[in-house]
Amino acid sequence: MVSDPRPAGTAAFLEVCRLRLSDFYYDLPEELIAQDPAPRRDESRLMVLRRDRPGLEHRRFRDVADYLQAGDTLVLNETRVIPARLVGHKEDTGANIEVLLLSSLGGDRWETLVRPGRRVPPGTKIVFGDGELRGTVMAGTDFGGRLVDFQYDGDFTVLLDRYGKLPLPPYIKKQPADPERYQTVYAKEPGSAAAPTAGLHFTPELLAEIRGRGVHVVSILLHVGLGTFRPVQVDDITEHKMHAEFYRVSENAAAAIGSARRKGGRVIAVGTTVTRCLETAAGERGEIRPGSGWTDIFIYPGYQFKAIDGLITNFHLPQSTLLMMISALAERERVLAAYQEAVRMRYRFFSFGDAMLIL
């Protein structure tokens, strides 16, 4: 497991020590929280922030190809969201229980969040549907969750599709008409409890155009779990502890990224999950090492990036670890000013919202 990096340099560390949770707040009108995806994925708006020059550019997402150069590497997260939200009842009392699957721990054991948690101690038995799928709470976790062992008749994946629902964030009030709109077009390996939403804007045609311009497109894996969306609840952000998420970088992906970088190409991460994966897998000189494991890396201002040169991302919640990450890549003041501009220009925010490119 990879632990939180210390910011490089005494001055940078002292600056971080002065940052508080309130330093990452911005005011967002509720009506700007997107409840539905754009009619077409690549019709979303795109704000471009270039770190080497002032100002912002406003485009459509399909124009992102104009900012990529031959020899660059675009890195995607090929995880697929599972129907991780299960609603069942306690076997002994019939009380309703909601279970959110976070991470598979091997076999039939899962790390989960359970509501209402105070009523679900170890030993609780939960029944889903007509009893084809059942769960037994084995223990609590350090993050207030539960370890649950599942028992079932038949195929677990089939039963999950039957009884589970997409685990949409609480700010989205309804299920999408087409569940595939909460999946990227390149989603492959099931395992995430939330979508890597920066990738929702890509279409097969746009990816083909990007490849046609000489850009390398490679995939890594990070299964999105509690670490990505767990809120910060401490005033001193350096005291926040990230929840670990599973990642994997194949030998082919590491070799492709390394080859492109040695030839002077930039590495552009599609999303904060790709960023966390690559920064975890990077050596001191930025070389990407193949392998897999669990990462709890927390990236906040003062962090020195080793693996990425640019980032495509959505607009994030106030005071979230995701906003802190992009404030580390660009200056916090510039990021917050860009967010204020996005509010003024009525950009759409969060999972189904518009996108930002930071170069």
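Reply: A polar contact here is a pair of N or O atoms within 3.5 Å; within protein, one must be able to donate a hydrogen and the other to accept it. The model is predicted.

Me: With which side chain does the side chain of Ser-192 make a polar contact?
Reply: Ser-192 lies in strand E12, residues 189–192. The side-chain partner, at 2.7 Å, is that of Thr-79.

Me: Is Ser-192 buried or exposed, and what is its relative accessible area?
Reply: Leaving aside neighbours within four places in sequence, Ser-192 is in contact with residues including Arg-80, Val-81, Ile-82, Leu-222 and His-223. Buried means under 20% relative accessible area. Ser-192 is buried, and its value is 0%.

Me: How many of the residues of strand E17 are buried?
Reply: In a regular strand the side chains alternate between the two faces of the sheet. On one side of E17, Gly-310, Ile-312 and Asn-314 are buried, and on the other Leu-311 and Thr-313 are too. The strand is largely enclosed by the rest of the structure because the buried count is 5 of the 5.

Me: Which strand runs antiparallel to E17?
Reply: Strand E15 (residues 267–270) pairs with E17 in the parallel sense over 3 bridges, and Ile-268 has Gly-310 as its bridge partner in E17. On the antiparallel side of the question, 4 bridges join E17 to a strand of residues 355–358. There Asn-314 stands opposite Ala-355. The antiparallel strand is E18.

How values were computed: Residues are numbered from 1 along each chain as its sequence is written. This is a predicted model: local features need pLDDT of at least 70, side-chain atom pairs count only at pLDDT 80 or more; totals for chains, interfaces and linings use all residues. Side-chain values use heavy atoms; hydrogens and water are left out. Buried means under 20% relative accessible area, exposed over 50%, partly exposed in between (1.4 Å probe, protein chains only). Helices (H or I, at least four residues) and strands (E, at least two) are DSSP runs, numbered from the N terminus. Two strands pair if DSSP finds at least two bridges between them. Contact means heavy atoms within 4.5 Å.
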